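Colleague: Hi! Could you walk me through this model when you have a minute?

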Amino acid sequence: EDAGLLLEAAAEGRRGLEARRVEVEGALRALEGIMGELPVALSWTEAGLCKLLEAVGRDRRDTVERLVRGTGGSTGDRAVTVLGLDGMSLGDDGAAALAQALPRCTALRTLGLNSNGIGEHGAAALAEALPRCTALRGLLMVNNRVRDEGAAALMEALPACTMLQSLELGGNDIGDDGAAVLAKALPRCTALQELWLHNNRISSRAKAALREAQACCPTLTTLNL
């Protein structure tokens, strides 16, 4: 009798898992099918992607690749221009997957990645992709963990991002080493208008160096330290 109950419970568990798999895969297919219908400036967070990513749990890397794939190939007023993925716990793996897909998002103008636990490796992967995101105007990465190495990677890529106007890196545990790289790169950032570095570990001396560098970057009108 006990064995029968165990077999019944196991079968029920398999049915539940299968239903869950079908539910998630169906949601992904439906989402990919409607991506071409999304209007300009629609945030994916507002479209319910937060719940979808939470549903798939550990399979974030594959899911991010499939989700972002839907933004490519759109034309006219159907192209997605704002991608909001704040607070989704993407981590470095999710950021790396996103970086692989981003160059296909040819109309993307704003990318929100705040509060995602993205560290140095994820930031480096994104930095490698950024120069190929030719329409990107704003990158929001507040409250992550990019630290000095990640900030350096991002800033080294920035001069090649000829359309990027705003970079937000507040609350990322960036210290003086990262700030030094930022200061060195700023004069070569010909399009950057806003740089947000609040709530980091930048000393008064490093902040002064950044302000001096701002004088060599005429387009940079906002430097928040």
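Modeller: Happy to. One definition to start: two strands pair if DSSP finds at least two bridges between them. Helices (H or I, at least four residues) and strands (E, at least two) are DSSP runs, numbered from the N terminus. This is a predicted model, where local features need pLDDT of at least 70 and side-chain atom pairs count only at pLDDT 80 or more, while totals for chains, interfaces and linings use all residues. Residues are numbered from 1 along each chain as its sequence is written, and side-chain values use heavy atoms, leaving out hydrogens and water.

Colleague: Great. What is the order of the strands in the open sheet?

Modeller: The six strands are ordered E1-E2-E3-E4-E5-E6, and the pairing is parallel. Strand E1 (82–84) and E6 sit at the edges, each pairing on one side only.

Colleague: How many bridges join E4 to E5?

Modeller: Three, between residues 166–168 of E4 and residues 194–196 of E5, and these two strands run parallel. Leu167 has Leu195 as its bridge partner in E5.

Colleague: Switching to helices: which residues of H8 are buried?

Modeller: Buried means under 20% relative accessible area, exposed over 50%, and partly exposed in between (1.4 Å probe, protein chains only). In H8 (residues 204–214), the buried ones are Ala206, Leu210 and Ala213. Looking down the axis of H8, they fall within an arc of 60°, so they line one face of the helix. That arc is taken from the directions from the helix axis to the C-beta atoms.

Colleague: Why would residues three or four places apart point the same way?

Modeller: An α-helix has 3.6 residues a turn, so residues at that spacing point the same way.

Colleague: Nice. And what do the buried residues of H8 pack against?

Modeller: They pack against helix H7 (176–185) and strand E6 (222–224). The other side of H8 has Ser204, Arg205 and Glu212 exposed.

Colleague: Which residues are buried in H7?

Modeller: Gly178, Ala179, Leu182, Ala183 and Ala185. Viewed down the H7 axis, they fall within an arc of 165°, so they line one face of that helix. They pack against H6 and H8, while Asp177 and Lys184 are exposed on the face turned away.

Colleague: At what angle do H5 and H6 cross?

Modeller: The axes of H5 (residues 120–129) and H6 (residues 147–157) cross at roughly 5° and come within 8 Å. That makes the two helices roughly parallel. Angles under 35 degrees count as roughly parallel, over 145 as roughly antiparallel, 65 to 115 as roughly perpendicular and the rest as oblique. Axes are lines fitted to C-alpha atoms, for helices over the stretch in contact, with angles from 0 to 180 degrees between N-to-C directions.

Colleague: Last one: is Asn114 buried or exposed?

Modeller: Asn114 is buried, with a relative accessible area of 14%. Its place is in the loop between strand E2 (110–112) and H5. Beyond four places in sequence, its contacts include Asp86, Gly87 and Leu140.

Technical notes: Contact = heavy atoms within 4.5 Å.
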